[in-house]
Amino acid sequence: MAYLEVRNLSKKYNTSSDYVLKRLNLSIEKGEFVTLLGKSGCGKTTLLRVICGFETHNKGEIWLKDRIISSPTIWIPPEKRNIGIVFQDYALFPNMTAWDNIAFALGKDKNKVSETDKIMKIMSLYDIRNHYPHQLSGGQQQRVALARALIRKPDVLLMDEPFSNLDLEIREMVRDETLKILKDIGATVVFVTHDQMEALSISDKIAILEEGKIQQIGSPFEIYNHPKNMFVAEFIGRVNMLEGTVVDSYALSTVLGSVVSKEAIPYKEGAKIKFMIRPEDIRLKKDGKFTGTVIKTNYQGSLYDALIAVYIPYHEPIYIRILAPGSMNIKPGDRLSFDMNVKSKHHMFLVN
Amino acid sequence: MNFLNRIWLNIWKGKPPSLTLLFINLSSACILMMPLIYILSRAISSPWEKWSVIFRSRIPTLLWDTISLALTVALFTTVIGVILSWLTEYTDLAFKRYMRLIFTLPLVFPPYIGALTYIIIFGRRGVMYSLTGSSIIDVFSFFSVAFILSMFTFPYTYLTISGSMRRISGNYEEAGRSCGAPYSTIFMRVLLPLVKPAILSSSMIIIFYIMSDFGGVAMLRYTTFTSSIYFQMIGKLDRSGAAILSTLLIVFGFLLLALKAQILKKVSFYQSPKSNRIKNPIKLGKLKALAWIFILFIIFFSLILPLSTLTIWSIKAIHQGAVGIKSLYYIKNSLVVSIGAVLITMTLSLPIAYMKYRHPAKITSVLNNICHLGSIVPGILLALGIVFITNRYLTFMVGSQLILIIGHSMRFIPRNLQSAEASMSLIPPALDETAFSLGKKFSTVLYKVILPTVSPGVLSGGAMVLVSSLKELPMTLMLRPPGYDTLSVRLWLSASDGFYINAAPSGLFIVLASIIPLYYLVKKEKVKENGIS
């Protein structure tokens with residue numbers, strides 16, 4: 001059995017008629033860094049709070065290290081679960097110094113002083129140990145909150161958008177430092193975010209949450225390249241979604257003309273499908289098969305993020321997002337030719 | 001001339017007030033200062049022996065009696081306030097919304113009326129005595145006095161502490177639990193420290209209240225500074241003695257204010273709850289019965305007992321024909337004074353509030369603070385000062401109702417100012433600036449543009465003044481023309497003579513009238529809660 005396992009979890013708030021979480025399953029191995037990614041309101045924070053024990057749930061059970069910590073009949077209180085949490089606003093106790101905040105988690109431990117000093121030194125907080133939360137920078141507050149959550153050596157560490165309150169400039173730095181600390185001690189982490197780039201860059205596994213269910217769980221590579229369904233495909237990264245009909249096992253017909261697939265199409269001839277092509281998979285070529293007009297460009301130095309329109313007689317124009325090298329000098333109104341292929345069988349979805 | 005102009009503009013930061021406005025503010029402040037200055041000068045000019053006699057014979061016991069009572073009541077009310085706040089803010093107690101309202105209701109009883117009901121029940125020849133042959137408790141003992149005063153003042157601590165608890169983010173509690181701490185630890189080490197500023201400031205409110213209250217304390221035959229000043233003046237006709245005691249009370253008050261500022265500086269925290277999550281209520285479980293016993297105990301002794309006593313005795317009074325044409329006469333006397341005070345304070349509060357927000361300068365805030373003196377200076381001191389001044393310089397006014405009305409206005413103008421200033425602060429300067437740019441005169445702007453917009457605030461302030469003035473006791477006793485009985489005076493005199501049945505109807509009338517300002521208080525708390533103002 002997995003280290004932390006959520007089985008068939010359903011949760012409904014008393015005030016609403018809909019379930020926030022619907023028969024949700026999730027398993028996490030020891031030492032894994034799993035990110036829950038989803039839009040706001042998809043239930044990710046609720047899931048975190050149920051795991052922590054701040055909310056009860058209606059059905060299903062949660063297992064940690066081979067024992068049930070939460071089910072409709074069993075409920076171990078949060079303080080007995082040994083699950084650490086870092087809140088979005090850190091929730092540092094304003095009446096305690098940085099040192100007291102961290103030491104608070106140790107209770108009446110004999111080695112309280114030495115342990116607290118040790119972790120503060122490791123996380124370069126020792127110099128600010130006597131400061132109150134309001135005297136700390138955002139990054140320092142975040143590290144104090146992390147130290148407070150880690151000092152009890154929790155079985156699982158939960159983090160609820162812990163970087164979202166930081167300025168962009170320092171966010172990446174704090175994130176790298178945090179990750180390094182977590183990797184060094186081999187912590188098992190469940191991380192919640194709505195920022196896909198953050199999720200892609202830091203996670204061992206990403207779980208995409210939507211409508212109270214996990215849509216897909218897998219490595220960032222799998223999620224990005226092999227989305228399981230259309231929701232995941234459209235949710236992660238930028239995509240062009242186009243409609244087509246299967247002609248044979250390698251060709252699709254679309255309003256733009258025929259598009260070729262690199263892998264065999266897993267659907268029958270004549271099936272209506274939607275397929276995705278990422279901007280970076282569209283190759284600009286002088287004698288490309290398709291031609292469009294540049295509508296707008298977003299110059300980023302090393303490349304252009306551009307939108308082009310392909311005009312077709314008696315049809316609405318088709319808009320396609322492309323990436324072009326920054327050295328190319330393109331501007332709205334230019335005409336560009338390009339080729340596009342469907343890269344993988346995972347990029348095609350049946351339309352019902 | 002240029003040079004003087006520049007200084008003048010500098011004082012007002014480039015926005016000098018019109019001379020009329022300045023004159024109104026200056027003269028109001030001067031009049032309000034006068035009684036205090038006169039008391040001080042009277043005390044200073046007293047012979048040295050007088051001081052030393054008072055210091056030796058009176059001060060030690062007086063200081064001890066006042067401080068011990070104030071601290072005991074502060075302790076009682078804090079414990080009650082914390083428990084009730086915790087129950088209504090953190091637990092799954094039933095009817096929480098109604099409880100919040102009920103716990104503020106005891107404010108409708110001025111302590112002297114509350115004290116009256118306790119004397120009726122537990123007094124030497126009270127109901128308990130006639131029923132059981134014993135009074136059960138001694139209503140005039142130290143702990144009874146502290147208990148009775150606590151029953152009618154705890155809403156102040158409850159309102160402050162529960163408001164503070166409501167603003168504490170639920171995240172702190174959850175963070176504590178995820179650190180493995182049991183609830184008791186979180187309560188003692190996180191929640192209590194966070195409400196400590198509220199506890200301290202509400203204790204200060206209580207301490208000031210007890211120090212300046214006259215009626216409740218005097219009715220229960222306890223001696224604090226205020227009651228001993230009164231008896232020094234009225235009983236012994238010893239003016240310099242009263243002035244010296246008053247001066248000491250003022251000094252004592254200022255020391256306390258300074259102490260409060262120091263303490264609050266040390267214990268205040270910066271909370272930054274970005275997400276104020278709604279707290280999951282704590283299940284009371286087995287404690288539920290205990291909680292309800294406590295709540296019912298408090299409700300019984302602070303509401304049910306006093307209200308039913310007043311009602312029953314008022315009915316008795318009607319049966320015995322003690323309520324008649326005379327009662328209307330008392331009501332009329334009360335209303336003449338109250339309405340007079342309302343008119344004066346409403347007229348003055350507008351220019352004073354306007355000055356505060358449109359011509360902010362050091363001098364403005366000094367004048368404004370002086371206008372608020374009535375809210376911290378015990379009524380008995382103001383009354384004493386006014387007696388001194390009228391007897392010395394304004395003998396033609398002695399024994400007229402006018403002096404009573406002026407006294408009440410001086411004492412209660414802060415109540416009007418509070419709400420007038422609150423509405424004034426919401427008016428954008430562009431409003432009157434536009435009017436000025438259209439060439440309107442200052443008085444036109446003030447009464448045609450500003451008044452209509454702040455009138456709700458001024459009127460609700462007027463309602464507060466009306467009721468405060470109806471309840472007022474010590475000043476009315478000292479300033480009234482001979483034989484001019486108001487409701488509160490009648491109540492006091494009847495009670496002093498032991499005619500409780502005659503006292504009850506006046507009490508009931510005042511209590512019913514007091515529901516008006518309570519309504520505004522509760523509404524203000526609600527507004528604060530929603531963060532509108």
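In this predicted model, buried residues make up 37% of the 352 residues of chain A. The secondary structure of chain A comes to 8 helices and 21 strands, and its C-alpha trace spans about 80 × 50 × 35 Å along the principal axes. Among the contacts in chain A between residues at least 6 apart in sequence, 65% join residues that are at least 24 apart.

Chain B has 24 helices and 0 strands, and of its 533 residues 43% count as buried. For contacts in chain B with a separation of 6 or more, 81% are accounted for by residues 24 or more positions apart. The radius of gyration of chain B is 25 Å, which agrees with the value near 24 Å that a compact globule of 533 residues would have. The table sets out the extents of the two chains.

| Chain | Span of the C-alpha trace along the principal axes |
|---|---|
| Chain A | about 80 × 50 × 35 Å |
| Chain B | about 80 × 60 × 50 Å |

One pair of helices in chain B can be followed in detail. Two packed helices are described by the angle between their axes and the distance between the axes. How do helix α17 and helix α18 of chain B pack? Helix α17 of chain B, residues 379–392, packs against helix α18 of chain B, residues 401–424, at an angle of about 140°, and their axes are 10 Å apart. Because angles count as roughly antiparallel if they are over 145 degrees, this angle makes α17(B) oblique to α18(B). The crossing of α17(B) and α18(B) is right-handed. On the side of α17(B), the residues that meet α18(B) are Gly379(B), Leu382(B), Ala383(B), Ile386(B) and Thr390(B), and their partners in α18(B) are Ile403(B), Gly407(B), Met410(B) and Arg411(B). By class, this contact of α17(B) with α18(B) has 5 nonpolar, 3 polar and 1 charged residues.

The remaining topic is the contact between the chains. How many residues does each chain bring to that contact? Chain A brings 21 residues and chain B brings 22 residues. On the side of chain A that touches chain B, the elements giving two or more residues are β6 (83–86) and α4 (138–150) of chain A, and β6(A) gives the most, with 3 residues. Sorted by class, the side of chain A that touches chain B has 12 nonpolar, 5 polar and 4 charged residues.

Methods: Residues are numbered from 1 along each chain as its sequence is written. Chains are lettered from A and ligands numbered from 1 in the order in which they are written. This is a predicted model: local features need pLDDT of at least 70, side-chain atom pairs count only at pLDDT 80 or more; totals for chains, interfaces and linings use all residues. Helices (H or I, at least four residues) and strands (E, at least two) are DSSP runs, numbered from the N terminus. The radius of gyration is taken over C-alpha atoms; the globule rule is 2.2 Å times the number of residues to the power 0.38. A residue is buried if 20 or more other C-beta atoms lie within 10 Å of its own, exposed if 12 or fewer, and partly exposed in between; C-beta atoms are placed from the backbone. Two residues are in contact if their C-beta atoms, placed from the backbone, lie within 7 Å. Axes are lines fitted to C-alpha atoms, for helices over the stretch in contact, and angles run from 0 to 180 degrees between N-to-C directions. Angles under 35 degrees count as roughly parallel, over 145 as roughly antiparallel, 65 to 115 as roughly perpendicular and the rest as oblique. A crossing is left-handed if the near helix is turned anticlockwise from the far one by less than a right angle, and right-handed if clockwise. Ala, Val, Leu, Ile, Met, Phe, Trp, Tyr, Cys and Pro count as nonpolar, Asp, Glu, Lys and Arg as charged, and the others, Gly among them, as polar.
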